[in-house]
Amino acid sequence: MGDYPSRSASNAAGGPGVTARHARAAGDGVSPIPPDDLSGNRPPQGGGGALPKKARFSMETGFRGLSTAAGAMVLVIIVAIAIFLVSKAVPALSKNDANFLTSKEWFPNDTQPHFGIAALAFGTVLTSVIALIVAVPIALGIALFLSHYAPKRLATPLGFVIDLLAAVPSVVFGLWGRDVFLEPVQSFSIWLNKYFSWIPLFGGDGPFGRSVMLGSLVLAIMVLPIVTSLSREVFQQTPGMNEEAALALGATKWEMIRTAVLPYGKPGVLAAVMLGLGRALGETIALALTLGITFTISANLIQSGGNSIAANIANTFGEANATGRGALIASGLVLFAITLVVNMAARAIIYRRREFRDSAA
Amino acid sequence: MAKRIEASNVSSYYGSFKAIDSISMTVEPKTITALIGPSGCGKSTFLRSINRMHEVLPNARIEGRLTIDDQNIYDPDVDVTAVRRMIGMVFQRPNPFPTMSIYENAVAGLKLNGVKKKSLLDDAAEKSLRSANLWDEVKDRLNRPGAGLSGGQQQRLCIARTIAVQPQVVLMDEPCSALDPISTLAIEDLMFKLKDQFTIIIVTHNMQQAARVSDKTGFFSIDKTGEPGRLIEYADTQKIFSNPTEKKTEDYITGRFG
């Protein structure tokens with residue numbers, strides 16, 4: 001201390017540059033050095049002189065306030081949406097003549113409105129589950145290929161193409177499904193019906209085509225890139241030393257993947273699948289375009305028909321009256337509840353193994 | 001168990017880069033051989049060449065001849081996984097499988113080799129954990145995650161996992177460099193014990209460790225960065241540390257370079 005006699009003169013109040021920039025009085029002690037003060041008289045950054053007072057308001061408190069506000073905003077928005085939805089749904093539900101949860105009909109615009117969510121909810125879950133059953137194994141295969149088998153020259157462009165697939169708008173998938181993909185699915189359905197009609201899934205007398213199968217397959221293609229690129233990311237993060245440990249024990253490549261890569265990636269893959277399921281459950285326009293739109297609960301996958309909550313909203317919102325819109329909003333709430341339950345179930349699965357995951361970090 | 005390793009004129013390459021240049025040495029069964037030398041001199045590369053683990057890196061290859069009891073390790077007809085089962089490896093940083101329990105880690109190698117019978121696995125787990133001097137510390141919590149142990153315990157778990165498959169040779173790549181002195185001592189004691197059953201080759205930066213545990217010592221060095229590593233001297237540990245033939249060896253062990 002005392003090595004810088006000019007310090008108190010030039011920097012008594014933190015220096016003019018500092019006060020102007022940070023709008024704080026730094027006291028007569030340590031203060032950030034004015035960047036323009038390049039003369040040799042700079043005080044050491046560690047200080048000298050009296051300890052400065054803590055700043056009352058600074059970037060710190062300001063930024064903390066901002067981020068807290070941003071966090072609170074999420075809650076406010078969610079609560080506001082919930083209030084809005086419930087306030088619109090309740091009047092419609094009170095006019096409903098049928099049981100909302102068990103009825104399969106959907107006539108909310110009649111003078112005696114009667115509507116129920118059963119068929120729609122069933123269709124939503126059915127199409128999404130089939131989409132995942134088809135998409136997840138393929139996605140995991142692609143992800144493993146990209147992360148562990150493909151040479152880098154191939155993996156990079158291929159990964160890029162997969163990501164590109166995720167960017168295609170769903171209406172494009174819907175139109176493609178309706179106009180192009182319909183034909184092969186139709187022929188396949190007819191073939192299935194011819195030889196496997198003894199299985200209820202593939203029974204029925206037609207017409208075939210705009211069926212749960214078509215909708216689910218289009219959904220599967222849409223879910224595929226999400227699950228693929230997240231899983232690839234997770235697989236790539238497997239610690240190299242764990243892979244080496246498996247190889248050094250005499251594992252083949254596939255055994256190494258089974259021993260080190262897949263268990264390590266499991267929580268991440270599960271999260272990826274949940275994101276995919278979220279997209280599938282909420283998918284609107286692609287299903288509105290590809291499904292046959294019937295209000296039935298049927299395990300038949302190939303006969304034209306099927307419907308989902310989101311597709312029904314898109315199809316009928318335009319012609320709905322006040323009660324009809326309330327009914328649609330109520331159906332949206334059910335969709336929200338389904339998504340919530342699925343997500344909580346997934347978290348529960350991940351939570352069960354947290355001991356292993358945490359200690360791995 | 002325990003077999004002889006013979007290297008003659010082994011050179012190892014990563015792509016066009018030559019990492020080690022014509023190394024020849026014979027490692028007798030049931031001995032501990034230490035490989036010492038400055039960083040980047042190819043000790044680990046040589047070690048990894050012995051069980052073909054260096055092949056994990058793309059474009060890695062060797063020239064020369066490496067044999068285990070006169071069988072060519074690099075014979076094109078030889079199954080590489082069999083080589084690695086026969087020649088186990090312990091790594092620098094403890095690397096138990098994070099998703100597995102202590103028990104599952106110990107028997108991971110056996111499960112990979114298709115052992116399914118519970119009683120066999122139980123026996124092997126206990127035997128290998130006992131051999132690794134870890135059994136008493138973990139016997140009451142075998143189902144807890146292996147990654148939850150201390151660093152030294154994890155490394156002993158990794159040794160248990162390696163010896164559970166009953167290899168002939170155990171390679172150790174700086175097994176104590178991430179451990180505290182007490183854990184290091186525990187591992188060194190363990191090495192003495194394992195010497196009765198296995199041929200052990202250990203890479204270490206710790207010269208006291210080499211002097212303490214090994215029967216023979218090989219000193220590796222490089223002339224300068226970018227040059228391949230060479231085996232400067234290979235002799236009984238006592239000779240290397242008391243009366244080395246090569247000037248370079250003497251400079252290194254007395255701390256004058258490296």
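1. B:Arg52 sits in the loop between helix 1 (43–50) and strand 4 (60–68) of chain B. Helices (H or I, at least four residues) and strands (E, at least two) are DSSP runs, numbered from the N terminus. B:Arg52 is not a glycine, yet its phi is positive, about 60°. The residue is buried, with 21 other C-beta atoms within 10 Å. Buried here stands for 20 or more other C-beta atoms within 10 Å of a residue's own, exposed for 12 or fewer, and partly exposed for values in between, with C-beta atoms placed from the backbone.

2. Basis of the model. This is a predicted model: local features need pLDDT of at least 70, side-chain atom pairs count only at pLDDT 80 or more, and totals for chains, interfaces and linings use all residues. Residues are numbered from 1 along each chain as its sequence is written, while chains are lettered from A and ligands numbered from 1 in the order in which they are written.

3. B:Asn59 lies in the loop between helix 1 and strand 4 of chain B. Its phi is near 65°, positive in a residue other than glycine. B:Asn59 is exposed, with 10 other C-beta atoms within 10 Å.

4. Helix 5, chain B. Buried residues of helix 5 of chain B are B:Ala124, B:Ala125, B:Ser128 and B:Leu129. Viewed down the helix axis, they fall within an arc of 120°, so they line one face of helix 5 of chain B. The arc is taken over the directions from the helix axis to the C-beta atoms. An α-helix has 3.6 residues a turn, so residues three or four places apart point the same way.

5. Surroundings of helix 5. Its face turned away from the buried side carries the exposed residues B:Ser119 and B:Asp123. The cover over the buried residues of helix 5 of chain B includes helix 3 (102–106), helix 4 (108–112), helix 6 (135–138) and helix 7 (151–164) of chain B. After helix 5 of chain B comes B:Asn133, with a positive phi near 55°.

6. Strand 9, chain B. Six of the six residues in this strand (216–221) are buried. B:Lys216, B:Gly218 and B:Phe220 point one way, and B:Thr217, B:Phe219 and B:Ser221 the other. Strand 3 (residues 32–36) of chain B runs parallel to strand 9, joined by four bridges; strands pair if DSSP finds at least two bridges between them. Here B:Ile36 stands opposite B:Phe219. Strand 10 (residues 230–236) of chain B is antiparallel to strand 9, with six bridges. In that pairing B:Lys216 faces B:Asp236.

7. Interface of chains A and B. 23 residues of chain B are in contact (C-beta atoms, placed from the backbone, within 7 Å) with 19 residues of chain A. Helix 2 (80–86), strand 6 (87–90) and helix 4 of chain B each supply at least two residues of the side of chain B that touches chain A. Helix 2 of chain B gives the largest share, four residues.

8. Chain A annotation. UniProt, in an unreviewed entry, lists residues 121–346 of chain A as "domain: ABC transmembrane type-1". Over residues 121–346 chain A is 77% helix and 0% strand, with the end C-alpha atoms 20 Å apart.

Definitions and conventions: Contact = placed C-beta atoms within 7 Å. UniProt positions renumbered as here; feature names shortened; annotations may be inferred.
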